[in-house]
Amino acid sequence: MSSWFERQLSAHQVQLAATAFVSGITVAGLIYGGQAIRRKVAVEELKASIPPLDVEHQAQRLTDFGAASPLPLAGKEEERVAALARRAQRGDYDEELINEQLTRTASFLTPQRFQKLRGSFVIVVGLGGVGSHCTSALARSGVSHIRLIDFDQVTLSSLNRHAVATLADVGTPKVQCVRKRLEAVVPWVQWECLNEVWREGQGERLLAGWDHGRGRKPDYVVDAIDNIDSKVELLKYCHEHDIKVVSSMGAGCKSDPTRVFVGDISTSMEDPLSRTTRRKLKLLGVSEGIPVIYSTEKPGPGKAQLLPLPEEEILKGTVNELSVLPDFRARILPVLGTMPAIFGCAVANFVILEITNYPHDVGPGKGREKMYDSILSGLQGLEERLARNAGQDPLGLRIPVTKDDVGYIVEEVFRGKSVLSGLPTRLALTRWRAPKHGFQIYQTWNGQKHTKLQLEELVCMTKDEAAMHEKEVLKGGKPPEVIYDVDVVQLVERRHQEERQYQRYR
């Protein structure tokens, strides 16, 4: 046996393989050793650059969540504002001044509704761009009791969208920043600032009544969290405990303010954050009953997208370690500073109307749901008529189009207007061309009848236009180019080309 091993070891190929293996281990060891040395040197240089603590260089203890502690007030003006706020919050403030400052809101709502707003208690969870603008609008409108919940601190990059933060606030907790800045505007507002991250296990305490549970229960909770798991936990908790909540969906990568709507989460469309939140909530048994602010603006070529992590960051180690907290987003989300402000004001507006029972509708979701149902029913009827026209039995026929697809085609692809006349009323969807090889009905293995209708085959017209189109094109066999002028044909081709490009983003 030993002689067999000796013969194998003496083989030239085995020697080469062993040499390569040992060399690989040596090189890998040198590389990792060099990296470890560079890291150690970098850490030592960083430590050496930190000045000693003295009168000029002071430090505060971090919170349990790694956030900065509240910094002492700097400057006589801030001290004066804080002193005025303390007196006002104890009741030492002229009510006539408050009424004068809020007179426009009071005259809009009427005195009875305005008193409801003045006595309300709202909790805002998340104080980034959306949450800070929402809080500012609520406080300026008359809400007197506000609880702020956020674990994070103001960063330099957040100043492009934050409602009240200044350069002086960078590095300070967002909850304290918002309170301090708004006390200079509405000193009588009562605040509770919780520099904490939202956790479902802490829900009973974080969403308790005012004054540590001793006062009134919250009239509304605002979800302005940008982490999906935390958002889902908060919405699920509020839904299960009958706490009124409104949620802001994604303002990042959005640029069109005309596409921002208020509706039930079940009706939100073309919003990746809303879609992911909706799916996770459905798995937890929550499918509707939560109002959301969302954008129907679709992503596409040339528009902002979630930025990838730099390669050098990925090579440093586990990507999850790059986020602020475990399971939080580590990649950069491009944000146009105006959009979080629009979302935040839309959230605040909704809360104000809800608290005061001011007449309002949440649409277009619910407002256009019946229209989408009608259009889908009309498209189903069209396919059945085309089947009969082709001598086929349409009984039990199904089409591969959903109500969400209808909303997408009508609102996004054709901008809610007829491609022929531009009219926005009595709309319908129809095939643009007759099937090239004739209308066909297909069957699955279990006998289900269906068509292979594609979304890119559809166009939006008024019902009267669609009826004429069915007669001349779909049943009469005429190509659209014979019926319509070249501008209409080119417009349809452009819309269909857009749909093919955007389809991969859905």
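These questions and answers walk through strands, salt bridges, cysteines and a surface patch in a predicted model.

User: Which residue in strand 4 is the bridge partner of valine 122?
Analyst: Strand 1 covers residues 121-125, and four bridges join it to strand 4. The two strands run parallel. In strand 4, the partner of valine 122 is tyrosine 220.

User: Are the side chains of Tyr220, Val221, Val222 and Asp223 in strand 4 buried or exposed?
Analyst: In a regular strand, side chains alternate between the two faces of the sheet. Strand 4 spans residues 220-223, with Tyr220 and Val222 on one side.

User: What is the strand order in the open sheet of three strands, and which strands are its edges?
Analyst: The order is 8-11-10, with mixed pairing. Strand 8 and strand 11 (residues 449-450) run parallel, joined by two bridges. Leucine 397 has lysine 449 as its bridge partner in strand 11. Each edge strand pairs on one side only, and the edges are strand 8 (397-398) and strand 10 (442-443).

User: How many residues apart in sequence are the parts tied together by lysine 180 and aspartate 169?
Analyst: Side chains of opposite charge can pair when their charged atoms come close. Lysine 180 and aspartate 169 meet in a salt bridge at 3.2 Å, N to O. Lysine 180 lies in helix 8, while aspartate 169 is in the loop between strand 2 and helix 8, so the tied parts are separated in sequence by 11 residues.

User: Where do glutamate 240 and lysine 236 lie?
Analyst: Their side chains meet in a salt bridge at 3.2 Å, N to O. Glutamate 240 is partly exposed at 45%, whereas lysine 236 is buried at 15%. The two are four residues apart, about one turn, and both lie in helix 10.

User: What separation in sequence does the salt bridge of glutamate 493 and arginine 433 span?
Analyst: The closest N and O atoms of this pair are 3.9 Å apart. Glutamate 493 belongs to helix 18 (residues 486-502), and arginine 433 to the loop between strand 9 (427-431) and strand 10, so the pair ties together parts that are apart in sequence by 60 residues.

User: How many disulfides does the structure count?
Analyst: A disulfide is a covalent bond between the sulfur atoms of two cysteines. The rule here asks for a sulfur pair within 2.5 Å. By this rule the count is zero.

User: What accessible area do Leu156, Leu167 and Val170 have together?
Analyst: Leucine 156 is in the loop between strand 2 (145-149) and helix 8 (174-183). At a relative accessible area of 58%, leucine 156 is exposed. With Leu167 and Val170 it forms a nonpolar surface patch, and their accessible area together is about 300 Å².

Technical notes. Residues numbered from 1 in each chain as written. Predicted model: local features only at pLDDT ≥ 70, side-chain atom pairs only at ≥ 80, totals over all residues. Heavy atoms only, no water. Patch = residues over 30% accessible without salt bridge, like charges linked within 9 Å, V, L, I, M, F, W, Y side chains within 5 Å. Areas by Shrake-Rupley, 256 points an atom, 1.4 Å probe, with all protein chains shown as cover. Salt bridge = Lys/Arg side-chain N within 4 Å of Asp/Glu carboxyl O. Buried < 20%, exposed > 50% of the residue type's maximum accessible area, 1.4 Å probe, protein only. Pairing = 2+ DSSP bridges.
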